[in-house]
Amino acid sequence: MHPTVIEINKRIFENNLVQVRKQIGAGVRLLLPVKANAYGHGLIPVAQLAEPFIDYFGVACLDEGICLRQNGITKPILVFGAIDEEQIRGLVENNLEITISSMYKARLVHEFCLKYDKKCKVQIKVDTGMNRVGIRPESFNPLLDFVLASSVLILTGVYSHLAMSEVTDNSVTESQITSFSAIVETVKVRKPSVICHLANSGGVCYHPSSYFDMVRPGLLSYGYFPGEKLTTGNLVEIKSCFSLKSRVSYFKVVNKGAGISYNHRYHTSEMTRIVTIPIGYGDGYRRGLSNSGEVIIRNKRYQISGTICMDMFMVDIGSNGESYVGDEVVLIGKQGDQELKIEELASKLDTIIYEVLVGFNERIPRVVV
Ligand SMILES: *Cc1c(COP(=O)(O)O)cnc(C)c1O
């Protein structure tokens, strides 16, 4: 086994999904976004754990959807991203639901299906304020007419995306909800079974009026709040299910005043013990944590010493530090009564939890515990 692993705690992850369900109520469906390797947690293990607890999966692109189908996932899968013409075949053949955001894309899919005698499930994406992908509300009706009139396109959903939902009170979210409500009214008159959805994690946490027929919380399902942590209500049990662990791979005693790692950005202040941990920026443990990231070894927190290398970094555990080759090292998560939170890494790196999570690459095995 590789000494560095990402552990996904099954019980915590499943409980997060149960708590989200409790929050949204029985009438609202749950889509789990599993894009970007399930936010770094591992696409296949996460999808397999989640499938009994959710209604839909959401992925960013064709390849992620194919990967789910090839690994036996049968629940509906919505591809969020704008599609390329040459991807249509793959999307249709793998029973993936395509996002339609323009008349041009709708016609391409329609013509493909006519030509090859196929049918295809599609969802229309409306831009209510993100100003990214999506049809403008004023152009929505002709697109809706076209999709509903097509003999080969099956409209399963209409959705939009919130731009500022992690902020509790804000007029941008209010106006997006208002604008989407008008779209929903139009849709329900024409085809009541269409699933209308808007809420991401921020919507689920802070804007209950954004729930409509389905919600799409990514970050929250993995155990983090996109904004202020809620301390009352159904979501209080939401907890991180992700740990990053390694093992000490080398131990040496180094003289006082020795420079450690590339460019000697750390110098020992006494004759001391230096341990090496086999993870580096080549795994996605970011070089920006040089001389600032921390680890837990034998129930004690230590700071990383010097520059993080591609495949390893060093830690000065002091002249009396106790640690030997093979000891467990926690980089994110708990050991004994110590805990290192991913929030700390994100803030040291001046970024958001999302970016830190998705940065851990496929070199690190994911294990469900
Ligand atoms: C990524 C994504 C989400 C999930 O966002 P979170 O902030 O992680 O909840 C929801 N909807 C769409 C369209 C997305 O691309």
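Welcome to this predicted model.

**Around N200**
- N200 sits in the loop between β8 (195-199) and α9 (201-206).
- Is N200 buried or exposed? Its relative accessibility is 13%, so N200 counts as buried, the cut-off being under 20%.

**Aromatic pairs**
- How many aromatic pairs does a search of the whole structure find? The search turns up 9 aromatic pairs.
- One of them joins F242 and F360, with 5.9 Å from centre to centre and 35° between the planes, a tilted arrangement.
- F242 belongs to strand β10 (residues 242-247), while F360 is in the loop between α12 (353-359) and β20 (366-368), so this pair ties together parts that are 118 residues apart in sequence.
- F242 counts as buried because its relative accessibility is 2%.
- F360 likewise counts as buried, at 2% relative accessibility.
- Another pair is made by Y285 and F313: the ring centres are 5.5 Å apart and the planes are at 35°, so this pair is tilted.
- Y285 lies in the loop between β14 (272-277) and β15 (294-297), and F313 lies in strand β17 (residues 313-318), so the pair ties together parts that are 28 residues apart in sequence.
- Y285 and F313 are both buried.
- Elsewhere, F13, Y39, Y222 and Y354 are linked into a cluster by ring pairs.

**Charges over rings**
- R89 has its charged end over the ring of Y116, 4.5 Å from the ring's centre.
- R107 lies over the face of F146, and here the distance to the ring centre is 5.5 Å.

**Helices α7 and α8**
- Two packed helices are described by the angle between their axes and the distance between the axes.
- Helix α7 (residues 140-149) and helix α8 (residues 171-190) have axes that come within 12 Å and cross at roughly 25°.
- Because angles under 35 degrees count as roughly parallel, α7 is roughly parallel to α8.
- The crossing in which α7 passes α8 is right-handed.
- Which residues of the two helices meet? On the α7 side they are F140, N141, L144, D145 and L148, and on the α8 side they are I183, T186, V187 and R190.

How values were computed: Residues numbered from 1 in each chain as written. Predicted model: local features only at pLDDT ≥ 70, side-chain atom pairs only at ≥ 80, totals over all residues. Heavy atoms only, no water. Phe/Tyr/Trp six-rings, centres within 6.5 Å; stacked < 30°, edge-to-face > 60°. Helix = DSSP H or I, 4+ residues; strand = E, 2+ residues; numbered from the N terminus. Buried < 20%, exposed > 50% of the residue type's maximum accessible area, 1.4 Å probe, protein only. Lys NZ or Arg CZ within 6 Å of the ring centre and 35° of its normal. Axes fitted to C-alpha atoms, helices over the stretch in contact; angles between N-to-C directions. Parallel < 35°, antiparallel > 145°, perpendicular 65-115°, else oblique. Left-handed = near helix turned anticlockwise from the far one by under 90°. Contact = heavy atoms within 4.5 Å.
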